[in-house]
Structures are given as C-alpha cells and as structure tokens.
Amino acid sequence: MIPASGQGEPEIEALRVDRYLESILVARERGTALTLHDAGLAADLRSTAERLTSELTRIHPSFRFEERLAGRLAELAAALRLPAAVGGEASPPPPIGFDAEDRFDPAHPVVDEGDPSSFRARPLLIGGALTSAAVSLAGVVFVAWRLSRPVHPMVRAIRAAHARADHEGGLA
Amino acid sequence: MARPVFRRVKAEEERRLVHLDRDRSLVEAALRDPAAFDALYRKYLAQVYSYAYYELGNHHDAEDAAERTFLLALGALDRFEERARPVDGDGASTFRVWLFRIARNVVANIRRGRRRQPVAPIEAAAGMAGSTDVERQVSERHEAGAAWAAVARLPAERRRALVLRFVEEMSTAEIAGILGRSEGAVRVLIHRGLRAVARDLGGRRW
C-alpha cells in the first residue's frame, strides 16, 4: 500500500528507524532512559540499534600523537600568519605529508571504492588543465628561447649576405 | 515582481542562519588568527581519528589520515562556506560536515595509495590488514567483535553511514552532506544496513 504522501513501505520504515535512532541519541546526550517505543518498528531492528549504539564506540588517538599534530598545526598557523601580517595574501606553504592533488579542493568529492555515485571527472579535469597549461608554457618558453638565444657570428654573416643579395636583386 | 520577494526571503534566511552553525565563532576566530584553529582541532580530532580508524583498520593509517585532514582543513579554511539551513537544527555544524568531507577524501586517497603499493604478506600478517584488525581491537576493548564484524561486512556506503550515525552520532542531514547524497537516500542506507546487521547477528550467537 502506498501512503498518501507518495512514500513506499521501505521509506516509511526507514523514517521510523531514523526517528528511533534520533531518540536514542537524544536520550544518550541527556543521560536519560529511552522513552520512545515505536510499536511499528521491528523488535530486531530496535535491539540491533541499541546494541550498535552502546558497542560501536569512538576510538581515541594517543596523547602523544595529539600533541605532535597540534605542534605541526601551530607551525602551519604561524606560517599562514606571516604573509598576512606583511599585507600579502595568506597562502599556506605545502605541508609535508600530502601532495598537490590533495590541495586542489580538499572537500571536493572524489572517487571512492564502493561508491558507485562517484566519478572520475576531477583527475581528468586536472590532467586536461595541466596538459593544456604545459603545452602553452612550452610554447611560450620556445618562443622566448628563440628570441633571446645568442646568434652565431657565422649565421649572422650568412643572413647579412642573403639580405644584401636580396637588396641588390631588388635594385637590378 | 518576484525579485524583491526572493531578496526578502534570502535576507530573512540569512538572519536565521546566524544562530545555527555551532562552530561559527570558532571558525571566525580561526580565520582571524590561524592559531585559534587549535580549538577546532581539539574538538574534532577524536571524531576524525575514529572515523579514519573504522575506515582504514589500523592506528598508523588513522593517524596519517587525521594529520592530513587537519593540515588540509587549516590550509583551506578560507574556502570553507557555512551552509547550515534551518532544517539542520540548532546543533548543526557545517564545519564538521566540511571537515568530514575532507577526511573522506583523504581516506580514499590513502586507500588508492595502498592499492598502488600493496602491503607485503609478512607485514599484513603482522597486523597491518583492514577491518579484521578493527574487529580484534574493538572486541578486546568492548567485547563488541560480533557487532563490528557484522557492520564491517556491509557494502562500503552502508558501513560508512552506520559508522557516522552510531560512532560519530551525526544527524541524517550531516551524513547526507558528507556522503553527497539526499537525506532520503541516507535513511534508506542506514535502514538497509541495520536490517542486514540484525539478520547477521540474529543468525549467530550474541
């Protein structure tokens, strides 16, 4: 049976589970006993939810690691403050431990295993941009090199001879 | 004319947003002075670390992921946009969602690195392997091996949704923001995951 809202039975049950989990978390946060008893929710789902709530606990890092990373962050913070202090735009130095790809847009969704909705647009985009930038850069460098390189005296003499010959031919 | 109406609605929404994001003051302080990022770091380190640990299965990789996540977050903090909506509730933190999106990407990068440089069998045998290590340690600490093992057997997105819900105690809206899915899709992921775990645990002795 489809309810008037257009939601099917699985969605309704998913909503019930969501409401139940929310109530577990609220009860836990307040330190009170769970008061919500949704008769429509299967008993095995209720007991599994309660079991996961109590047994899947947060795992804490070591104090040593926490302080070491705090130190690294303080170093990065100081480096970020320096350019801003002299009036420039604060741009962070690349911290050791991650590559340029990481810094592209850290919160941008990337391809992940087991996630069929993700796609490979970002590497392609980066690859394309890098390729096109590299080609442009190579062109600029080549032209600059051609214009600035020292000309061999022999080449200069040949060019002068050609120019003279052309000039004389033109007069004749 | 529609335009002034939209402007009024937007302005009203912006006024309401002022009270919503619980990390707003900390983020603003960190934007003014990067050293103040330490407060956000202390607040979320255990959450990010725990998420990485459940995803990657060992302390070494979890530390690596947490370190990269916070360094990236501090470096890119000026790109963070607060996006709390009234429906997200009073306790919403879009900073936490943003941070976990970074963590998720970092974890994916570490996984890709692992695939490119597979661990030698001798190292794997010494305890570098994935979810079984989490199972063992969680089991040792909390005698919850069976529960975690059932969660670990789920497809990645269902497992991730359950970890964010039960370990990190996130709302459906926050999980949707992190996984890049609709809230309805997240509810279904959690429901299916929970049902599979219930079936799994029901078929075994607790």
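Leaving aside its neighbours within four places in sequence, B:Q47 is in contact (heavy atoms within 4.5 Å) with A:R58, B:R96, B:F100 and B:E168. B:Q47 sits in helix α3 (residues 37–56) of chain B; helices (H or I, at least four residues) and strands (E, at least two) are DSSP runs, numbered from the N terminus. B:Q47 counts as buried because its relative accessibility is 9%; buried means under 20% relative accessible area, exposed over 50%, and partly exposed in between, with a 1.4 Å probe and protein chains only.

This is a predicted model, in which local features need pLDDT of at least 70, side-chain atom pairs count only at pLDDT 80 or more, and totals for chains, interfaces and linings use all residues. Residues are numbered from 1 along each chain as its sequence is written, chains are lettered from A and ligands numbered from 1 in the order in which they are written, and side-chain values use heavy atoms, with hydrogens and water left out.

**Confidence**

The model scores ipTM 0.75 and pTM 0.66. Chain B has an average pLDDT (the predictor's confidence in each residue, from 0 to 100) of 79, and 70% of its residues score at least 70. Over residues 15–19 of chain B, pLDDT stays under 50, and the model has eight contacts beyond four places in sequence for them. Residues 120–129 of chain B also stay under 50, with seven such contacts. Where pLDDT is low, the predicted coordinates should not be read in detail.

**Helices of chain B**

The expected span of a helix is 1.5 Å times one less than its number of residues.

| Helix | Residues | Expected span | End-to-end C-alpha distance |
|---|---|---|---|
| α9(B) | 156–167 (12 residues) | 16 Å | 16 Å |

Helix α5(B) is mostly covered, with 19 of its 23 residues buried. Helix α9(B) is mostly covered as well, with 11 of its 12 residues buried; among them are B:A156, B:L162, B:L164 and B:F166. After α9(B) comes B:E169, which has a positive phi, near 55°.

Helix α10 (residues 172–179) of chain B holds B:I178. With a relative accessibility of 2%, B:I178 counts as buried. Beyond four places in sequence, the contacts of B:I178 are B:V97, B:F100, B:R101, B:R104, B:L164 and B:M170. B:V97 lies 81 residues from B:I178 in sequence, but the two are 5.6 Å apart in space, C-alpha to C-alpha.

**Chain A**

Chain A has six helices and zero strands. Of its 172 residues, 26% are buried. Among contacts in chain A with a separation of 6 or more, 26% are between residues 24 or more positions apart.

Helix α1 (residues 9–30) and helix α2 (residues 43–55) of chain A pack at an angle of about 40°, with their axes 11 Å apart. That makes α1(A) oblique to α2(A). Axes are lines fitted to C-alpha atoms, for helices over the stretch in contact, and angles run from 0 to 180 degrees between N-to-C directions. Angles under 35 degrees count as roughly parallel, over 145 as roughly antiparallel, 65 to 115 as roughly perpendicular and the rest as oblique. The α1(A)–α2(A) crossing is right-handed; a crossing is left-handed if the near helix is turned anticlockwise from the far one by less than a right angle, and right-handed if clockwise. On the α1(A) side, the residues that meet α2(A) are A:E13, A:V17, A:Y20, A:L21, A:I24 and A:R28. Their partners in α2(A) are A:L45, A:R46, A:A49, A:E50 and A:T53.
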